[in-house]
Amino acid sequence: MNSETPEISFNPPVNQLLSLGRPDNNEQRNYAMLGISSENISELIRMATDEQLNDYPHEHSVLWAPVHAWRALGQLCATEAIEPLLSLFQRIDKTQDDWVQSDLPKALAQMGAAAIEPVTNYLADPNHGEWARSAASETIGYIGKFHPDLRAECVAKLAAQLEKFSEQSETLNAFLICPLWDLRAVEAMPVIERAYAAGCVDESVTGDVEDVQIHFGLKKKREHSPKPNRLTELRDSMLGFKQGLELLGRENPDFDPIEDHPDFGARPKPYIAPPKTGRNEPCPCGSGKKYKKCCGA
């Protein structure tokens, strides 16, 4: 097999998805225009969950075929695809697949009421990875957003899972609050407040309880200064660094932060391109993500 002609075979019209290339994040492609219909659901499921496609190592349009496949399944409201698509969430923890994390929840949410129970069961299962479960919580939030008649049920499911905050990680609790925030679920505020009061929420994800109260319209302004967290510490550090440079500049008009500040060292040397990085190799920027999902996107 070579990168130009991969040995991947799907039946028409689904095979057209192999050549569509990277989709836009907000693309609203109508896959029915390609002749894709409910008769092609099994083939779309096969494409969406195909390991070879999802892990394809080269610069090739087939790499994006699974994304198009699950988007087509979402448009078809193919409820038989819910369980197979949920199995892809494990890729978030195992391979840092950002497209599964950010895009698949929206496709699943298009399936509406039929997706609520299986996604809720997935979320409730502690055997699944933390980020996979976070994607499930986001899916429930999108269902409530896309289908306003289902909002109350989705809020109830998320709040019920958040009730277990003492048994869950601070990160998962924060990502349960995120969709409640998006849905402006003021009715869930009692359990949100209890989770915060117990110190069981990662405030670098959602802010503190006063941020939520203000967002929900329960307060007009803060009554207390926010406690430090990873984001506020980084922000304060950068602000202090900036103020220090400004002070040095005022005291010495000839001050050059590149030449004169010890943290900068010498001026950068001419850029030399690094060796080519494979699409599925770790990104050289150090993000921990795959190159195809980071600087190579």
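Helix α8 and helix α10 (residues 151-162) pack at an angle of about 15°, with their axes 11 Å apart. The axes are lines fitted to C-alpha atoms, for helices over the stretch in contact, and angles run from 0 to 180 degrees between N-to-C directions. Helices (H or I, at least four residues) and strands (E, at least two) are DSSP runs, numbered from the N terminus. α8 and α10 are therefore roughly parallel to each other. Angles under 35 degrees count as roughly parallel, over 145 as roughly antiparallel, 65 to 115 as roughly perpendicular and the rest as oblique. The crossing of this pair, α8 and α10, is right-handed. A crossing is right-handed if the near helix is turned clockwise from the far one by less than a right angle, and left-handed if anticlockwise.

On the α8 side, the contact is made by Ile116, Glu117, Thr120, Leu123 and Ala124. On the α10 side, Glu153, Cys154, Lys157 and Gln161 take part. Contact means heavy atoms within 4.5 Å. The residues of the α8 contact with α10 divide into four nonpolar, two polar and three charged. Here Ala, Val, Leu, Ile, Met, Phe, Trp, Tyr, Cys and Pro count as nonpolar, Asp, Glu, Lys and Arg as charged, and the others, Gly among them, as polar.

A word on the source. This is a predicted model, in which local features need pLDDT of at least 70 and side-chain atom pairs count only at pLDDT 80 or more, while totals for chains, interfaces and linings use all residues. Residues are numbered from 1 along each chain as its sequence is written, and side-chain values use heavy atoms, with hydrogens and water left out.

α8 has another partner. Helix α8 (residues 113-124) packs with helix α9 (residues 130-146) at an angle of about 150°, and their axes are 8 Å apart. That angle makes α8 roughly antiparallel to α9. α8 passes α9 in a left-handed crossing. From α8 come Ala115, Ile116, Val119, Thr120, Tyr122, Leu123 and Ala124. They meet Ala132, Arg133, Ala136, Ser137, Thr139, Ile140 and Ile143 in α9. The residues of the contact of α8 with α9 divide into ten nonpolar, three polar and one charged.

Ala124 deserves a stop. Ala124 lies in helix α8. Beyond its neighbours within four places in sequence, Ala124 is in contact with Arg133 and Gln161. Arg133 is listed in the α9 contact, and Gln161 in the α10 contact. The C-alpha atoms of Ala124 and Ala136 are separated by 9.3 Å, at twelve residues apart along the chain. Ala124 is partly exposed, with a relative accessible area of 30%. Buried means under 20% relative accessible area, exposed over 50%, and partly exposed in between (1.4 Å probe, protein chains only).

Now to the enclosed helices. Six of the eight residues of helix α1 (residues 41-48) are buried, so α1 is largely enclosed by the rest of the structure. The buried residues of α1 are Ile41, Glu43, Leu44, Ile45, Met47 and Ala48. Their cover includes α2 (51-54), α3 (65-75) and α4 (82-86).

α3 is also largely enclosed by the rest of the structure, because ten of its eleven residues are buried. Among them are Trp70, His68 and Arg71. The buried residues of α3 pack against α1, α2, α4, α6 and α7 (104-109). Just after α3, Cys77 takes a positive phi of about 50°. Cys77 counts as partly exposed, at 40% relative accessibility.

What of the backbone elsewhere? Most residues other than glycine have a negative phi, and most peptide bonds are trans. Gln96 has a positive phi, near 55°. Gln96 sits in the loop between α5 (90-95) and α6 (98-102), and is partly exposed at 32% relative accessible area. Arg184 has a positive phi near 50°. Arg184 belongs to the loop between α11 (170-182) and α12 (189-197). Its relative accessible area is 49%, so Arg184 is partly exposed. The peptide bond from Pro12 to Pro13 is cis, with omega near 5°. Pro13 is in the segment before α1.

Last, the chain as a whole. The chain has 16 helices and zero strands. Of its 297 residues, 42% count as buried. Among contacts with a separation of 6 or more, 63% join residues 24 or more positions apart. The structure holds zero disulfides (pairs of cysteine sulfur atoms within 2.5 Å). Cys178 counts as partly exposed, at 21% relative accessibility.
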